[in-house]
Amino acid sequence: MSIVVCVEQRDGKLRKITFEALSEGKRLATASGETLKALLIGSGIAGLADELKKYGVDEVAVVDNEALAAYTSDVYAAVLAAYIAQENPALVLFGHSAVGKELAPRTAAKVDCGLVSDCLAVTFADGDYLFSHPVYAGKAIGSYKVVGPVRMATLRPNVFAVAESEGAGAVVDFAPEIPAAKVTITGVDMASSDRPELTEADIICSGGRGLGGPEGFALIEGLADVLGAAVGSSRAAVDAGWREHAAQVGQTGKVVSPNLYVASGISGAIQHLAGMGSSKVIVGINKDGEANIFNVADYGIEGDLNKVIPALIEKLKELQ
Amino acid sequence: MKIVACIKQTFDTEAKIVVGGDGQISDEGVNLIVNPYDEYAVEEAIRTKEKDGGEVVVVTVGGDKAQEALRYCLAMGADRAVLINDPALAGADSRAVSVALAKLLSEKEAGFDIIFTGKESVDDGVGQVPSRLAEKLDLAQANVVTAFELSDGKATATREIDGGSETLELVLPALISAQKGLNEVRYPSLPGIMKAKRKPLEVLALGDLGLSVDDVASKVELVAAELPPARKAGQRLTGEVDEVVAKLVQLLQDEAKVI
């Protein structure tokens with residue numbers, strides 16, 4: 001039997017979550033005695049197989065077909081289901097990315113298996129896999145088992161450590177029947193930013209109502225530039241129209257877990273904490289010494305962010 | 001045109017979560033609401049009907065209390081509601097819920113043109129039902145949609161992808177899962193609330209759908225729930241701005257080792 005990682009690539013570039021999923025897949029395969037396989041789907045992507053081998057993969061199955069150039073959930077789910085029918089894996093891992101969030105459940109419905117989404121940990125003990133998944137955006141954590149021969153899980157980005165390892169590294173072609181797509185992609189608009197994507201970022205600088213207005217985000221962007229960070233926002237700042245919703249961190253926004261989360265002018269409502277509480281280190285900057293953010297911040301600075309952030313930017317620039 | 005909105009009743013996002021002695025999350029004293037993302041779905045369904053005509057049917061899987069959530073959607077302007085309520089569905093996983101909804105929408109409530117759902121619920125937050133339902137009903141889908149338009153029987157949706165957005169054309173019938181930003185959700189008016197009391201709300205058990213308890217067996221089982229380790233307040237850095245900032249940078253480098 002095997003553990004299969006569904007590889008995610010965009011425009012011929014592998015996503016970071018794929019390396020995380022492969023690394024976790026390898027750890028689990030070592031514990032359970034399964035082989036680790038990767039399924040690579042796309043058009044003109046066969047060359048990516050070599051990069052996957054670095055993460056201990058025993059076999060890479062490549063589905064390279066012009067009809068798969070653009071991802072659509074219905075077609076990709078059909079390809080995955082065909083591979084699962086042939087392979088009968090014990091476990092299939094996806095990233096909990098925009099793609100994984102819809103492809104995994106669509107495939108799970110086709111295969112009729114259980115899926116645990118947004119896992120923070122997966123363990124193998126006593127012959128079964130145990131999946132840990134946050135509920136109420138992290139206000140509680142549930143441990144789950146999946147009943148049935150095939151189990152599926154999506155893994156939260158930035159949580160599972162990347163580790164290179166050895167594997168047999170065979171590459172095989174897989175050529176299933178490919179159905180016609182029910183949707184047509186007519187346009188793609190990627191944000192023209194050099195900043196990392198919010199859910200993948202190692203460092204996030206977020207701003208809230210305490211910034212005083214949309215122009216306050218210039219400070220946050222300045223800090224993000226010097227740290228190579230992504231820019232996030234509280235719900236209050238999004239609701240006020242200062243920032244687009246895609247930047248919102250919290251229970252009704254993105255759930256993130258960077259190494260460093262710098263919250264400036266954010267009070268720390270339970271709604272917001274739910275989205276960033278699993279960050280490794282939290283810094284809170286707020287003029288209100290009683291703000292709830294100080295109850296969770298590893299380092300808290302009570303002060304005027306208009307003074308603190310420029311000074312912080314200067315200090316960080318000195319180091320570069 | 002027949003427009004379906006799928007909703008879920010969930011805890012208020014301000015709710016504090018308590019794990020009971022049985023290892024399950026307690027709903028005692030918790031304020032229940034229509035899942036916020038589902039409100040965008042209901043709103044979009046009503047707007048589509050207001051523009052193109054037809055009827056809006058709101059459906060959910062839930063217990064007796066879920067009737068309140070359905071009445072709220074009727075008060076917003078939906079025409080009728082269906083509640084699938086069966087003891088066998090208590091604690092149902094996404095698979096079980098989508099099996100029940102798919103059976104309802106492929107037989108008793110067949111003939112829909114569009115299904116709107118929220119992109120996920122704010123409770124378990126897994127967002128599986130939209131994609132599972134789309135697959136079971138063999139529909140085109142657009143997930144995490146922030147703009148939607150319907151013209152000449154063709155749907156156009158803009159959706160969020162990691163680091164950007166994508167525009168899709170879908171052949172009807174299709175399933176659209178709503179993201180915040182899709183629309184501004186209306187509050188029910190007083191006449192709307194009065195009218196909602198007389199609107200049809202049908203309650204169906206599994207047997208009424210021709211489903212058995214085995215058909216809706218959950219494949220994901222909760223072993224235990226626990227509260228996450230609480231974060232503790234760390235150090236408060238005080239002093240002049242320059243000192244504080246220097247101290248912070250030193251701690252981030254030497255103690256936390258994150259920069």
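The second largest pocket is lined by 31 residues, and those nearest its centre are Ala191(A), Glu197(A), Asp162(B), Gly163(B) and Gly164(B). A pocket is an open set of points on a 1 Å grid over the protein atoms alone, where a 1.4 Å probe fits, with protein on both sides within 12 Å along at least five of seven lines; lining residues have an atom within 4 Å of a point. The model is predicted, with local features needing pLDDT of at least 70 and side-chain atom pairs pLDDT 80 or more, while totals for chains, interfaces and linings use all residues. Residues are numbered from 1 along each chain as its sequence is written, chains are lettered from A in the order in which they are written, and side-chain values use heavy atoms, without hydrogens and water.

The lining comprises 11 nonpolar, five polar and 15 charged residues, with Asp, Glu, Lys and Arg counted as charged, Ala, Val, Leu, Ile, Met, Phe, Trp, Tyr, Cys and Pro as nonpolar, and the others, Gly among them, as polar.

Five aromatic pairs were counted over all chains (rings of Phe, Tyr and Trp, the last by its six-membered ring, with centres within 6.5 Å; planes under 30 degrees apart are stacked, over 60 edge-to-face, the rest tilted). The ring centres of Tyr71(A) and Tyr76(A) are 5.1 Å apart and their planes lie at 80°, so this pair is edge-to-face. Both Tyr71(A) and Tyr76(A) are buried (under 20% relative accessible area, 1.4 Å probe, protein chains only).

Charges also sit over rings (NZ of Lys or CZ of Arg within 6 Å of the ring centre and within 35 degrees of the ring normal). Arg243(A) lies over the face of Phe217(A), 4.7 Å from the ring centre, and the charged end of Arg236(B) is placed over the ring of Phe294(A), at 4.1 Å from its centre.

Notes
Buried means under 20% relative accessible area, exposed over 50%, partly exposed in between (1.4 Å probe, protein chains only).
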